[in-house]
Amino acid sequence: MKFIINSHLFLKHLNALSGVITNNNTVPIITCFHMQLDDSILTVRATDLETTLITKIELDNAKVEGINTIAVPAKLMLDMLKSMNDQPLTFSVDATTYGIEISSGEGKYRLAGQNADTYPSIPVMNETAQTHLPASVLVNAINKTSFAASTDEMRQQMSGIFCDMTPENITFVATDAHKLVRYRRNDIHADEAASFILPRKPLTILKNVLSINKEDSEVTIDYNNTNALFSFDNFQVICRLVDGKYPNYEAAIPKENPNKLTVDRETFISTLRRVSLFSNQSTYQVRLSIGERMLKISAEDLEFSNDAHETIPCNYEGEPMDIGFNAKFLTEMLTNLDTENVLMEMSHPSRAGILFPIYNNEEEANGENLLMLVMPVMLAN
């Protein structure tokens, strides 16, 4: 097995795979990259047993002799490539010892590979359904939902992102019971209705790989009851779906919200950040006192006798209201919106507030239908 490859090109592909690699004492071979050479195509993959990331690289100069697969120590390979200048590298693999020799100009390096026969196989996808969507849509969906997913390992269903595909639209949802995000696209649909929970780790890896590509790609999603496969360009991501039923998130969204607050998003964020510095640092509670034209944001920490308040302009339709929120949750949601103004709809101080971006036109909305929900906190009085 022998091939020549550009060092920077190789590093780009291996860096994309490295997010999957994990230290595993029980299955040490998965700390390696699996490389397979077929004619002029080098296929490299990495896995943590739950997620598999595969990339294909077309080579100009390659030859298969003896063996066509090898497991290569990931960390050593990455560290070596990061220290290399942009240059061609020649890889030669000994079919008997699995030793790998790398030549670069005046340099020569040897490292010990492993027999790839014990490397975990690629999951087989049977009886799948399929849909397609632009990479930019998938990246936006991940960016705008993943922060709201639960980090509680005891609540596995809520630790992932719920994907609901129908002939009418496609919806991504994440929640940790304190906050919830629903990202919907009515311009994208599936042939058949299906729903599943995608783990957060492979979606983060997927987003990072997609973000590397400057040109927008189309992502093909194949899915069944146990796995999902994302294919685009020269990459494939296969992940095991989260078992279990996702909570009925629609029941948590209040339907009647007569109190409507419109406010400049950047002003709202900066004020929340300043005022929350004076809040109790375990609850980050802030009070919103909302009137017709003015929004007063206040916080206090009785233990240290700290308090602060600021007033900013707003537009408000509804009864005057005092409502409390966790400033961290509210700021996080506002940061993940990108419009100049936002709308918050409320019904009662004890019920959730719902955030919507305010688009100036349909072109700015670009097909997005985005809803963010944050639960209130009980005020002292």
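Me: Leaving aside neighbours within four places in sequence, which residues is Thr271 in contact with?

Reply: Contact means heavy atoms within 4.5 Å. By that rule, and with neighbours within four places in sequence left aside, Thr271 is in contact with Ile297, Glu310 and Ile312. This is a predicted model, in which local features need pLDDT of at least 70, side-chain atom pairs count only at pLDDT 80 or more, and totals for chains, interfaces and linings use all residues. Residues are numbered from 1 along each chain as its sequence is written, and side-chain values use heavy atoms, with hydrogens and water left out.

Me: Is Thr271 buried or exposed?

Reply: Buried means under 20% relative accessible area, exposed over 50%, and partly exposed in between, with a 1.4 Å probe and protein chains only. Thr271 has a relative accessible area of 1%, so Thr271 is buried. Thr271 belongs to helix α5, residues 265–276; helices are DSSP runs of H or I with at least four residues, numbered from the N terminus. The C-alpha atom of Thr271 is separated by 9.8 Å from that of Lys296, 25 residues apart along the chain.

Me: How are α3 and α4 packed?

Reply: Two packed helices are described by the angle between their axes and the distance between the axes. Axes are lines fitted to C-alpha atoms over the stretch in contact, and angles run from 0 to 180 degrees between N-to-C directions. Helix α3 (residues 135–145) and helix α4 (residues 200–212) have axes 10 Å apart, at an angle of about 135°. That angle makes α3 oblique to α4: under 35 degrees counts as roughly parallel, over 145 as roughly antiparallel, 65 to 115 as roughly perpendicular, and the rest as oblique.

Me: Which residues make the contact of α3 and α4?

Reply: From α3 come Ala135, Leu138, Val139, Ile142 and Asn143, and from α4 come Leu203, Leu206, Lys207, Leu210 and Ser211.

Me: What angle do the axes of α1 and α2 cross at?

Reply: Helix α1 (residues 7–18) and helix α2 (residues 74–82) cross at roughly 140°, and their axes come within 10 Å. That makes α1 oblique to α2.

Me: How many disulfides does the count come to?

Reply: A disulfide is a covalent bond between the sulfur atoms of two cysteines. The rule here asks for a pair of cysteine sulfur atoms within 2.5 Å, and the count comes to zero. For Cys239, the closest cysteine sulfur is in Cys163, at 10 Å, too far for a bond. Cys239 is buried, with a relative accessible area of 1%, and Cys32 is buried too, at 2%.

Notes. Helices (H or I, at least four residues) and strands (E, at least two) are DSSP runs, numbered from the N terminus.
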